[in-house]
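Here's a quick tour for anyone opening this one up for the first time. Have a look around, then read on.

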Amino acid sequence: MGLLDYFKGFAVPFKVMFERRVTTEYPKVKRAKAVRHHGRHVLSRYEDGMEKCIGCELCAGVCPARCIYVRGADNDPDDPMSPGERYGFVYEINYLRCIHCDLCVEACPTEAITESKLFEFSFTNRQDAIYTKTELVVGDDGRPQQLPWEDWRDGDDVHTSAWMRATSASGSAAYTGRVSWSGELGYGVRSAEPVQRDADDDEPAVDDISIEPHDAGLGGTDHDHDHSGGSH
Amino acid sequence: MRALFAADPLFSGGFDLGVVLFVIVKALIGFTFVIVGVILMIWFERKVISDMQNRIGPNRAGPWGLLQTLADGIKLIFKEDLSPDRADKLVYKLAPYLSVAPAFLTFCIVPIGGVFTGGGDGTVTLFGKTTYLQVADPPIGVLFLLAMSSVAVYGVMLAGWSSGSKYPLLGAVRASAQMVSYEAALGLSVVTVILLSGSLSTHDIVAQQASGILDWNFVATAFIPFAIFCVAATAELNRPPFDLVEAEQELVGGFHTEYSSIRFGMFYLAEFMNTITMSAIIVTLFLGGPAGPIGPGPEQLWPFFWFTVKLLAFLFAFVWVRATLPRFRYDQLMDLGWKRLIPLSLGWLLLVASLRVADDQGWDRFLVVGIAFALGLAAAFLMMGAIRVADINRERVDA
């Protein structure tokens, strides 16, 4: 070991000085979120404005953090809230307990509860931490409601307000492995994502996932197999 | 009285109110210089070290985070000032001042400007008064530096002792042992410089180096005393890699563990003020201080510019060392100090001294250097032998 080797260590921090910084200056700049980012929930509605939730409490049952409280009630036949027999009369999520595991989303038989990409919501008291149905149900344009303490950014509600199925939709073997979407208010029915086999190949996917988030027009490409959420 | 203030031409015409005011203003400017320097140094250190660690560093307060230190200072002032029940209250409160005062006082003897090259005597004339660009130029100059760095040990030691708590006490014991050990090497390497300049006054030391880069003491004393001084100064400052005093993993915060609020801030201030002061002292003793070529423009600005450039180079080097080297182990620290730096600086001092004598007596320089190296080697072997025997004896006792 030569004498100069002692000084090799000094070259390391000096070189680092001129390297590119990898820091994202968070409040100013935000990194893009993952496509399947688990954020705060929304309760979706059908294209005709009906709520999808039928008050079955499966989400509450599956929740490992026990943060969901649901009470169902019978629909008024003259003025139904949901297309089914019952609807979610009370729906509350306590965000001080929620771990965003998405099990409720998987459990939901009607694709009512989904997760948006929003995770920056800093309420300042415990009452605000409990989101009731008033806050969770999407607005008439199909977009999630924006509460004063929530920091929504562009794209946080894109590709999240509908339920995704990685398994065969409607039990048809032809659609195994294909992620498809259910029809919903404000978004219509989106075309399915390419199957993973295609995405892994270099060849272009069969049908792309270019979606206009507020294009309320129904895509209709895979409408015939995508109404398992209940027909009405 | 005149002798005490030495050669500064400010006092050649006796004392009157104008002179006293002038001195007060000089002291105030010097103090402001150091305080602003510390504020910028803390920012500089944080910025550079973050650059070296691929981070961004402070960038919230002010442009490029320049006001971060100011914000921290204001925060510290408004924080609760706690003192432990078992603390020796008087000493506990005195210690921070004992740390800050020497740091500033040492800076007083550093010439920060004045034209030395081309026959200049390093003076400026302002408002009809001619003076040196340093707050004071005592004839004991460098001794004052050594005295002040010894007083600074008291600040650290008393802070740790008076806290009435175990970690500060351990930190203080380490600090005093370390600072006392390295003071010897520090002093011995300074003596080499004094041998060449023939004066303790910092002004004279700078003036003696002014004629060119070959006269700068780090060349004239052949680098070794400069290297020793830099290492010893780093240890004296308790900066990494010699920061055992505040080794967080072992001692929480070291001697200032129990301090909070602005009292803690003062230790922080003293630490960085000492860094600036020590860099300034190194520049003065070994790199010709403000001496340097005078370019176009106002000639009094150039020495100040050269001084600042040299100072910045050292401040950067201190940060660079901190970013690079891991902390020493305690026995390595003591080994380096006592078994290497002190013998080496002592040997080098003797070599330089014998060369001076050789020049006076007209002896052959090469012969003197040859004999000196032979004697030095013999001494080194003897010492290594002594250390080895001591090691063997210790093992025998342990076994």
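Let's start with a sheet in chain A: it is open, has 3 strands in the order 2-3-5, and pairs them antiparallel. Keep in mind that this is a predicted model.

**The sheet in chain A**
- Strand 2 (68-74) and strand 5 (130-131) of chain A sit at the edges, each pairing on one side only.
- Strand 2 of chain A runs antiparallel to strand 3 (residues 86-94) of chain A, and 7 bridges link the pair.
- To spot that pairing, find Asp74(A), which stands opposite Arg86(A) in strand 3 of chain A.
- As a bit of background, strands in a sheet pair through backbone hydrogen bonds, in either a parallel or an antiparallel way.

**Chain A as a whole**
- Chain A holds 6 helices and 7 strands.
- Follow the sequence of chain A and you get the pattern α-β-α-β-β-α-β-α-β-α-β-β-α.
- Chain A has 232 residues, and 31% of them count as buried.
- Take the contacts in chain A between residues at least 6 apart in sequence: 68% of these join residues at least 24 apart.

**Where chains A and B touch**
- Chain A brings 10 residues to the contact, and chain B brings 9 residues.
- On the chain A side, that splits into 6 nonpolar, 2 polar and 2 charged residues.

**A helix in chain B**
- Helix 6 (residues 166-197) of chain B has 32 residues and spans 46 Å from first C-alpha to last, close to the 46 Å expected at 1.5 Å a residue.
- Just after helix 6 of chain B comes Gly198(B), with a positive phi of about 70°.

Note on methods:
Residues are numbered from 1 along each chain as its sequence is written. Chains are lettered from A and ligands numbered from 1 in the order in which they are written. This is a predicted model: local features need pLDDT of at least 70, side-chain atom pairs count only at pLDDT 80 or more; totals for chains, interfaces and linings use all residues. Two residues are in contact if their C-beta atoms, placed from the backbone, lie within 7 Å. Ala, Val, Leu, Ile, Met, Phe, Trp, Tyr, Cys and Pro count as nonpolar, Asp, Glu, Lys and Arg as charged, and the others, Gly among them, as polar. Helices (H or I, at least four residues) and strands (E, at least two) are DSSP runs, numbered from the N terminus. The expected span of a helix is 1.5 Å times one less than its number of residues. A residue is buried if 20 or more other C-beta atoms lie within 10 Å of its own, exposed if 12 or fewer, and partly exposed in between; C-beta atoms are placed from the backbone. Two strands pair if DSSP finds at least two bridges between them.
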